[in-house]
Amino acid sequence: MKDENIIQISNDVKNLGVFSKNNFLDEDDFGFVSKSLIELVKKQKKIYFPVTFKQFFIKFIKFEFKKSQTSKKLIDISNKLKLKKIASNILGKEAFLETLDCYLSNKSNKQILEWHNDIGFKPPNISEDDFLKEAQATIRNKKDGSSRGVKFFVYLTDVKSNNGALGVIPYSHKIVTALTKLIVENKINIKPYWKLKDLREFIFSKNIKESIIQFVNSDEVDRFIDYSKFIDSSEKDTFDFDYEMKKNSVVIFDELCVHRGSAPVENDRLVLRYLYRKK
Ligand SMILES: [Fe+2]
């Protein structure tokens, strides 16, 4: 990957929250990855690949050699494509590969995951204290919580609108970042905002929009409010922000973006994910 491409990708993710590209891996690498992952998910739908020495060691004592071998190759590919450098540029701090996994979603009419952002407070799944640790780690680089980062979705099957595509609302990471910052700085009271519906309610509550505007251009806030109004409609979904991708493509996005995985209505979906976080 050339330096100018890395800068272009990083700038797009920083500004818009998301970047997509077809023909991501070279032909040989894609052939290897595709064959290996299709084989592995026959036995187990979700696979975590080892990335740390300890995780490789655990796979070794469990005789899971195939996963370790595949992981080494997947890490080699990430080095070739300079994914760590891209993530570091986006996050403004040195990043590391925290999770490497792949999963198969079988053909279904059920949304893979509803519209949400990855940091938002979501009781009762997380306590206020644990949420604050994650928020501090993400906003202030504090070390006692795990921070949110950048995800690389590499598709091994084609995805279309209403068939497994990821939807990402542009600029939404800026709103979620501002809100999280205001909570961390004790300027506003905490409320749930993992779900898009809750996030909008939060923004509309007293004086919140005015506070967000201190950090985000007011046009971008209004644009987000307009883009996300579908959630209050009877359908509660839109396909306007879907990334229709061919196999061997990538969608790179900031985890603070509002996103959802649409139902793989027509065929199974197989995706490989690299997740980078701040060191
Ligand atoms: Fe998510």
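Start at Val251: setting aside its neighbours within four places in sequence, Val251 is in contact with Val18, Ser20, Phe153, Leu166, Tyr243 and Met245. Contact here means that the C-beta atoms of two residues, placed from the backbone, lie within 7 Å. Val251 and Ile252 are the residues with the most contacts inside the largest nonpolar core, which has 70 residues. Strand β10 (residues 269-278) gives the most to this core, with six residues. A nonpolar core is a set of buried Ala, Val, Leu, Ile, Met, Phe, Trp, Tyr and Cys residues joined through C-beta atoms within 7 Å. As for "buried", a residue counts as such if 20 or more other C-beta atoms lie within 10 Å of its own, as exposed if 12 or fewer do, and as partly exposed in between, with C-beta atoms placed from the backbone.

A word on what you're looking at. This is a predicted model, so to speak of local features takes a pLDDT of at least 70, side-chain atom pairs count only at pLDDT 80 or more, and totals for chains, interfaces and linings use all residues. Residues are numbered from 1 along each chain as its sequence is written.

Now zoom out. The chain has 10 helices and 10 strands; these are DSSP runs numbered from the N terminus, with helices being H or I of at least four residues and strands being E of at least two. A compact globule of 279 residues would have a radius of gyration near 19 Å, and the chain agrees with its 19 Å. That radius is taken over C-alpha atoms, and the globule rule is 2.2 Å times the number of residues to the power 0.38. Along its principal axes, the C-alpha trace spans about 55 × 40 × 40 Å. Of the 279 residues, 39% count as buried. If you take contacts between residues at least 6 apart in sequence, 82% of them join residues at least 24 apart.

Back to the strands. An open sheet of six strands runs in the order β1-β8-β5-β10-β3-β2, with antiparallel pairing. β1 (18-21) and β2 (46-49) sit at the edges with a single partner strand each, so one side of each is left without a neighbour in the sheet. Neighbouring strands of this sheet are turned by 15° against each other on average, direction ignored; the axes behind such angles are lines fitted to C-alpha atoms, for helices over the stretch in contact, and angles run from 0 to 180 degrees between N-to-C directions. Two strands count as paired if DSSP finds at least two bridges between them. β1 and β8 (residues 249-254) pair in the antiparallel sense over four bridges, and Val18 has Phe253 in β8 as its bridge partner.

What does β5 (residues 150-155) look like in terms of burial? Six of its six residues are buried. Both faces are covered, with Val150, Phe152 and Val154 on one side and Lys151, Phe153 and Tyr155 on the other. Six bridges join β5 to β8 in antiparallel fashion, and another antiparallel set of six joins β5 to β10. Phe153 shows both pairings: its bridge partner in β8 is Val251, while in β10 Phe153 stands opposite Arg273.

There's a second open sheet, of four strands in the order β4-β9-β6-β7, again with antiparallel pairing. Its edge strands are β4 (113-116) and β7 (242-243), each pairing on one side only. β4 is joined to β9 (residues 259-261) by two antiparallel bridges, and Leu113 has Gly261 in β9 as its bridge partner.

Finally, the helix α7 (residues 172-184). Its 13 residues reach 18 Å from first C-alpha to last, close to the 18 Å expected at 1.5 Å a residue, where the expected span is 1.5 Å times one less than the number of residues. Because 10 of the 13 residues are buried, α7 is largely enclosed by the rest of the structure. The cover over those buried residues includes α6 (128-140), α8 (196-204), α9 (208-212), α10 (218-227) and β8. Not counting residues up to four places away in sequence, Thr180 touches Ile119, Ala135, Thr138 and Ile139. Thr99, by contrast, is 81 residues away along the chain, and its C-alpha is separated from that of Thr180 by 23 Å. Just after α7, Asn186 takes a positive phi of about 60°.
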